[in-house]
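Dear colleague,

I am handing over the structure below, and after it I set out what was found. Please read the notes beside the coordinates.

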Amino acid sequence: MKEKLQRFMYGRYGLDSFGKFTIIVSLVLMLLANFVPARLGNVLSLLCWALLIYTYFRMFSRQTYKRACENQAYLAKTAKVRHFFASQKSIMAQRKTHHIYKCPTCKQKIRVPKGKGRIEIRCPKCNTTFIKKS
């Protein structure tokens, strides 16, 4: 059975970031359709089904170049949001071992290890020095 599915999907585009996004949006719309009045719920469920059909159309498409261009456009539009969340995740991962200070003049972020006591920090961007307790 697995081999049949692999043969069927050969040459087809498959699932990508934009496809995952459309599936999540359609699931959210499906949940919202249950909690709003009937007329609006019908519109939301219709929109949900349209998104799901479009997602499956993209997954089974043999025009991989067009689907890849659509995915690249989606990634380009969401790059700032994805970068923000990735940087916040990185900052949270480093909270136990490092302090992150901002330079008072140029606002450059500087990472300093915790537990070093009172230290003098030199900004690598503008060479300003300032004293902080680590």
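**Findings**

The span of residues 39-57 is 100% helix and 0% strand, and its end C-alpha atoms lie 27 Å apart; helices (H or I, at least four residues) and strands (E, at least two) are DSSP runs, numbered from the N terminus. This is a predicted model, in which local features need pLDDT of at least 70 and side-chain atom pairs count only at pLDDT 80 or more, while totals for chains, interfaces and linings use all residues. Residues are numbered from 1 along each chain as its sequence is written, and side-chain values use heavy atoms, with hydrogens and water left out.

The unreviewed UniProt entry lists residues 12-33 and 39-57 under "transmembrane region"; UniProt positions are given in the numbering used here, feature names are shortened, and annotations may be inferred rather than shown by experiment. Over residues 12-33 the chain is 77% helix and 0% strand, with 32 Å between the end C-alpha atoms.

Helix α3 (residues 38-59) packs with helix α4 (residues 64-77) at an angle of about 125°, their axes being 10 Å apart; axes are lines fitted to C-alpha atoms, for helices over the stretch in contact, and angles run from 0 to 180 degrees between N-to-C directions. The two helices α3 and α4 are therefore oblique to each other (angles under 35 degrees count as roughly parallel, over 145 as roughly antiparallel, 65 to 115 as roughly perpendicular and the rest as oblique). In this contact (heavy atoms within 4.5 Å), Tyr54, Phe57 and Arg58 of α3 meet Arg67, Glu70 and Asn71 of α4.

From C-alpha to C-alpha, leucine 46 and threonine 97 are 50 Å apart in space and 51 residues apart in sequence.

Turning to the strands, β1 (residues 98-102) and β2 run antiparallel and are joined by five bridges, where two strands pair if DSSP finds at least two bridges between them. Lysine 102 has lysine 109 in β2 as its bridge partner. The two strands β1 and β2 form a hairpin with six residues between them, and lysine 107 in the turn has a positive phi of about 65°. Strand β2 (residues 109-113) has Ile110 and Val112 on a covered face and Lys109, Arg111 and Pro113 on an uncovered one.

Best regards

Technical notes: Buried < 20%, exposed > 50% of the residue type's maximum accessible area, 1.4 Å probe, protein only.
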